[in-house]
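Me: I would like a close look at a single part of this model, with the rest brought in for context. Please keep the answer plain.

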Amino acid sequence: MGRRASTRGRVLVAAISLALVAVACGGGKSTAKKATPDGTVKQGGVVKVGISGAPFASLNKFIGPIGIYPALIQIYPALVQLDPKSLDYRPDFASRWETSADGTTWTFHTVPGAKWSDGQPLTAEDAAFTFNMIVQFQKSATANYAFAVAKLQTADTPDPNTVVLHYGSPVSNVLAQVQTLGILPKHVWEPLAMGDGAAIKAFPNVPENGQPVVSGGPFMITDFKKDDSLLFLRNPNYYGQKALIDGFGVKSYSNQDAMVSALKSGEIDAISGVAPTAVDSLKSAGFTVSAIPGFFRSDLIVNSSQNKAKNRELLDPKVREALEYAIDRKEIAQVVSLGFAQPGDSIITPPSGKWHNPNLKVAGFDVTKANQLLDDLGYRRGADGIRVADGHPMSYEVILQPTLDRAFQIIQAGFDKLGVKVTPRALDGAAAFQAQKGPDNKYADFDFALSAGGGTPQFDPDFPLSTPTCRVLGIYNTTGYCNPEYDKLYQQQSALPETQRLQAVYQMEEMLYNARPVIVLTYNNAIDAWSNKWTGFVPSGRGLFGQIWIDTFLQAHQS
Amino acid sequence: MGRGSGDYIVKRVAFGLVTVFVAVTVNFVLFRALPGTAVSNLSQVPRASPELKAALEKEFGLDRPKWQQYGLYLDQLVHGNLGISYDNQRPVSENLTGAVRNTVPMAALGLVVAIALGILVGTLSAWRRGTRLEHLSSAITVTLFSVPAQWVGLILLIVFAGVLPSGGIRSPFLIGATSWGRLTDEFRHMVLPSLTLALTLYGGYALVVRSALLETLGEDYMLTARAKGLPPRTILRTHALRNAMLPTITMIALSAGRIVTGYILVETVFSWPGVGRAIYQAVLQRDYPMLQGAFLLLTVTVVLCNLAADVAYARLDPRVGG
């Protein structure tokens, strides 16, 4: 009996093992394909996209950082959208708009007859509700969108297809703001917008009981796994041009090698945020690799605060100029990014189109000139080869965020030729900012910081231009730069008509270029890759799963 | 177990409770000693504003004195509330439950295979001491014990590329799949991380079992058993292995805690959204409530596992606990 039972047990174990092996090695389910009558464009299918890092914490737009924003622009309609070709704002949920003579009233006429994915009417009232809710709770629950309702007083709807925005004073970037303000379904969010607004942030906004998140954009989110994956399916009720694909899924990888391996093995179809080191192998494996100018910068931040306690010679523009000449940006671009980066000049990156000041030129690598500048200032070399400034050696600390150690070595080698010694201090993002601003937001202690976090989060230049203002010292001003003249220009540009604003923006870029609170090292490319089974992607300078426009997947289809 | 054992267990439980309380306090202080706060992180994100910083400080209670924050934290704990995560504004208990649910099956599978393999290989090595089999198995065991888990993971990724999924807990692209389809998909995703754990952990068990068994095999009572003419299997199972299990039980008890607390390197290599990655993410975000909750879970789990080991010891060896 015991022996038979034992034999049966072994057979069972063997059967289970075989079943598990079969299951483990089996393939996945393929998606159905269909062709259009003319046979040129194959519609349907689900594009499987891998992204590097960026876990998805929440689908509630009022929570946390902007990591989830690229997902939300696919499901929440906006009055206007950025056009990838013209780099201007085009009609979307608003088919047209007009502005009052004084620039304080904007009237948008919305698409009639639109519906949310659950069949409820999508009207201008949803837009007005969303804007008013954000204004009402901008100091609490909706504070992460306060930037987008600056000076907005109220929104009203004279009829269901018209929304009128009333501003306290003229705002130059209204279209950029309303592109960011995705419209929420009033019937879902209105019950939450009560009291202190706590319910707004407590709302999980996830697909439930097989129902997608109520969506009005080209896609709906039908599945969400925190920190792991998202699934988008085409929204049948979308008021605009329908996507050619059935949908797309996004899977987050914490390991770049695993992501590349998944693409090569056919597990996924496309990857966003490819490391430069993987480009050659992907190309030789026959994948399409797109490397376009990105919105990302790497910077050398120079403490520009007048509170700086030590090494105050670094506040001297001539010293900064000398240091800039000793930085070999081309080598940084070549070595750190394997050529997938370009030397930078302005804090506004080139994909920002007209907002990037074309008159600024990258300072060349010229150690002789750099040495001459420091010699002229009277900073002679000591016995150890280190220059002496105001009685102390020109020896500084560079706060270093991860991934930039190689860039630091190149800068260190350049400064070494100048008789300037720099030593690294590696810190993570939060600790680095704390060290930069100091315990009392005085920016008294740090000399330099290397950062890879710079960049333009959206096409409009307002946010990057705001980073060196006095108003955000201790908040997101990383340099300690505080110049009333610059701040005045910043305030002015936010209210000017576009042509005049452009000149003001150029002037601000030039001021920063000359003052050098940030020495822009490189503009880094956005690198994506996809299988030749798919085509028609419109990647942005923030990658395939970016946040600049909604077009990336709208035109995608099977090859 | 007699009265002595009962007293022993009561003492161990009391000691465990004190440990948990101390850990709770240390966790509170430790994470706040880190430079930078969640607010400084979140208010630096693109398109932030001074309004956002002020709102977040108020919302997270970071505008209050530290002692008030500590009092609030203890009060919440007493009421079974681990707080709200700064990262996604959901209850920490909900976030942790999700992460534990992801980690436990993968880690448990890897650990069970590692323990079984470790005991088997350790026993064979000791029993067949001096043979080629022992030399070969020892060499493999020591090698796998020495190499980092992330390296083994990457090698497995390369070897099984295209055969098994390279990351994540499941495929997000299964549309309209049956329950069985989803189950098999999740199992396929689990194979490589679990295998990595099994391969890198079994060596520890094998070496401990081998060493304990070799010591036991040299005892006089083993000679007596042989002299009595007992079959080798009986000698091994009844006399040798049972006595060699004490150190192995300690190791198993300590490892069991890791089933809940996760393996950060393996979870990172395989993009597994488990407890290890959640802790790492919480450190980067300075998500104090999440960190406090995760470390409380870690502390309680380790204390419970040690308690279980103590109780098992008291049962296996009457000398322990009087």
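In which sense do strand β7 and strand β9 of chain A pair, and over how many bridges? Please describe the sheet around them as well.

Reply: The model is a predicted one. Within it, β7 (residues 105-110) and β9 (residues 162-167) of chain A pair in the antiparallel sense, over 5 bridges. One position in this pairing can be given by residue: Thr105(A) has His166(A) of β9(A) as its bridge partner.

The pair belongs to an open sheet of 4 strands in chain A, ordered β6-β7-β9-β8, with antiparallel pairing. The edges are taken by β6 (94-99) and β8 (152-159) of chain A; each has a single partner strand, so one side of each is left without a neighbour in the sheet. From one strand to the next, the twist averages 20°. As background, strands of a sheet pair through backbone hydrogen bonds, in either a parallel or an antiparallel arrangement.

Helix α3 (residues 124-136) of chain A lies across β7, β8 and β9 of chain A. Its direction is at about 160° to β8(A).

For context, chain A as a whole has 16 helices and 23 strands. Its radius of gyration is 27 Å, close to the 24 Å that the globule rule gives for 559 residues, so chain A is as compact as a globular protein of that length. The C-alpha trace of chain A spans about 90 × 80 × 50 Å along its principal axes.

Elsewhere in chain A, helix α15 (residues 484-493) packs with helix α16 (residues 498-515) at an angle of about 155°, and their axes are 9 Å apart. The two helices α15(A) and α16(A) are therefore roughly antiparallel to each other. Their crossing is left-handed. On the α15(A) side the contact is made by Tyr486(A), Leu489(A), Tyr490(A), Gln492(A) and Gln493(A). The residues that α16(A) brings to it include Arg501(A), Ala504(A), Val505(A) and Met508(A). By class, the contact of α15(A) with α16(A) has 7 nonpolar, 3 polar and 1 charged residues.

Chain B has 13 helices and 0 strands, and its C-alpha trace spans about 85 × 55 × 40 Å along the principal axes. The axes of helix α7 (residues 149-159) and helix α8 (residues 179-217) of chain B come within 9 Å and cross at roughly 135°. That angle makes α7(B) oblique to α8(B). The crossing of α7(B) and α8(B) is right-handed. In this contact Ala149(B), Val152(B), Gly153(B), Leu156(B) and Leu157(B) of α7(B) meet Leu192(B), Leu195(B), Thr196(B), Leu199(B) and Thr200(B) of α8(B). The residues of the contact of α7(B) with α8(B) divide into 7 nonpolar, 3 polar and no charged.

Definitions and conventions. Residues are numbered from 1 along each chain as its sequence is written. Chains are lettered from A and ligands numbered from 1 in the order in which they are written. This is a predicted model: local features need pLDDT of at least 70, side-chain atom pairs count only at pLDDT 80 or more; totals for chains, interfaces and linings use all residues. Two strands pair if DSSP finds at least two bridges between them. Axes are lines fitted to C-alpha atoms, for helices over the stretch in contact, and angles run from 0 to 180 degrees between N-to-C directions. Two residues are in contact if their C-beta atoms, placed from the backbone, lie within 7 Å. Angles under 35 degrees count as roughly parallel, over 145 as roughly antiparallel, 65 to 115 as roughly perpendicular and the rest as oblique. A crossing is left-handed if the near helix is turned anticlockwise from the far one by less than a right angle, and right-handed if clockwise. Ala, Val, Leu, Ile, Met, Phe, Trp, Tyr, Cys and Pro count as nonpolar, Asp, Glu, Lys and Arg as charged, and the others, Gly among them, as polar. The radius of gyration is taken over C-alpha atoms; the globule rule is 2.2 Å times the number of residues to the power 0.38.
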